[in-house]
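Hello,

Here is the structure for your files. My notes on it follow below.

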Amino acid sequence: MKKIGKILVFLVTGLVIIVCAALSYVKFALPDVGNAPDITVDITPERVERGKYLANNVTVCIDCHSTRDWSRFSGPLDPNGIGTGGEKFDAKMGFPGEVHVPNITPHNLRNWTDGELFRAITTGVKKDGSAIFPIMPYKSYGKMDKEDIYSIIAYLRSLPAKETTSPERKLDFPLNFLVNTMPSAAELGTKPSESDHVAYGQYLVSAAACVECHSKSEKGQRIPGSEFGGGGVFQMPNGVLTSSNITPDKETGIGSWSMEMFVNQFQAHADAGKARKLGPGDFQTVMPWTMYGNMKKNDLEAIYAYLRTVKPIKNSVVKFQPN
């Protein structure tokens, strides 16, 4: 019996050593996406303008990295808080921990090289080598044309420097270890010609990471086969939001929508000043309509053209259920 006991002790000790070694590797050796590239982005007026459009109306980086007025529909931006961070994801939203979105004005990025910014945007690895939690859809940004990423960097450099701080994130176990396994190397693409509506629309849909919200997920992982079919669940302060089906299914998606209806749905929210005040129990959404509403008409038409080509999914959703 003593011999068996010793064997069990050795086995348990060995298992503990293996587990500790694995956790140490994940914690300290990952993420491993390579060094930041050695690049210098030329900050031209054309790049800044393109970056401003992308960051505000397509990739909507400015969406999370700014303060927003959640007392009004879709949380329009506070003009005084552009790029200063402030959005918080925590247990009230069903999030396993607490993440405060940081300041991305030149005040906070002044010591970052352009290459470090490029790596962060496209792979999810910060200046210090730590992993960015994929609330930021860096896997989608990592498929964009590098020139568009350069333009976003140029725009961020042009923002007024504002001094704000954010608390360090706190992730629940085991997510605080697993987050290091999430970043991956970029797979940069090429922006198609804007005249090729379907291909260009696919590029914009990918850059906007539409699939991330408009799909079902389980434990943070998208359920294969649910892409664009809606069903993503978001806990709001006043109720539960479920994302819409944007596949071309005629009964439960947007299959019966004309291109004009689709474009009008966005442009109706272009004026953030007209975003309505909400009362208790009123429908609220995480969809930044006031930002997407200022997307170029041609781009919205291209997105519509691409979405008409995705697989139709029959999935009827109740968009909002108040508490």
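Strand S7 (residues 239-242) pairs with S8 in the antiparallel sense over 3 bridges; two strands count as paired if DSSP finds at least two bridges between them. Within S8, Phe320 is the bridge partner of Leu241. The open sheet has 3 strands in the order S6-S7-S8, with antiparallel pairing. Strand S6 (233-236) and strand S8 (320-322) are at the edges with a single partner strand each, so one side of each has no neighbour in the sheet. From one strand to the next the twist averages 15° (axes are lines fitted to C-alpha atoms, and angles run from 0 to 180 degrees between N-to-C directions). Helices (H or I, at least four residues) and strands (E, at least two) are DSSP runs, numbered from the N terminus.

This is a predicted model: local features need pLDDT of at least 70, side-chain atom pairs count only at pLDDT 80 or more, and totals for chains, interfaces and linings use all residues. Residues are numbered from 1 along each chain as its sequence is written, and side-chain values use heavy atoms, with hydrogens and water left out.

Helix H13 (residues 297-307) is mostly covered, with 9 of its 11 residues buried (under 20% relative accessible area; exposed is over 50%, partly exposed in between; 1.4 Å probe, protein chains only). Among the buried residues are Leu300, Ile303 and Tyr304. The buried residues of H13 pack against helices H2 (45-57), H9 (197-207), H11 (259-267) and H12 (289-292), where contact means heavy atoms within 4.5 Å.

Pro96 lies in the loop between strand S1 (88-89) and strand S2 (97-100). Pro96 is partly exposed, at a relative accessible area of 34%. Neighbours within four places in sequence aside, Pro96 is in contact with Lys170, Leu171, Asp172 and Leu175.

Regards
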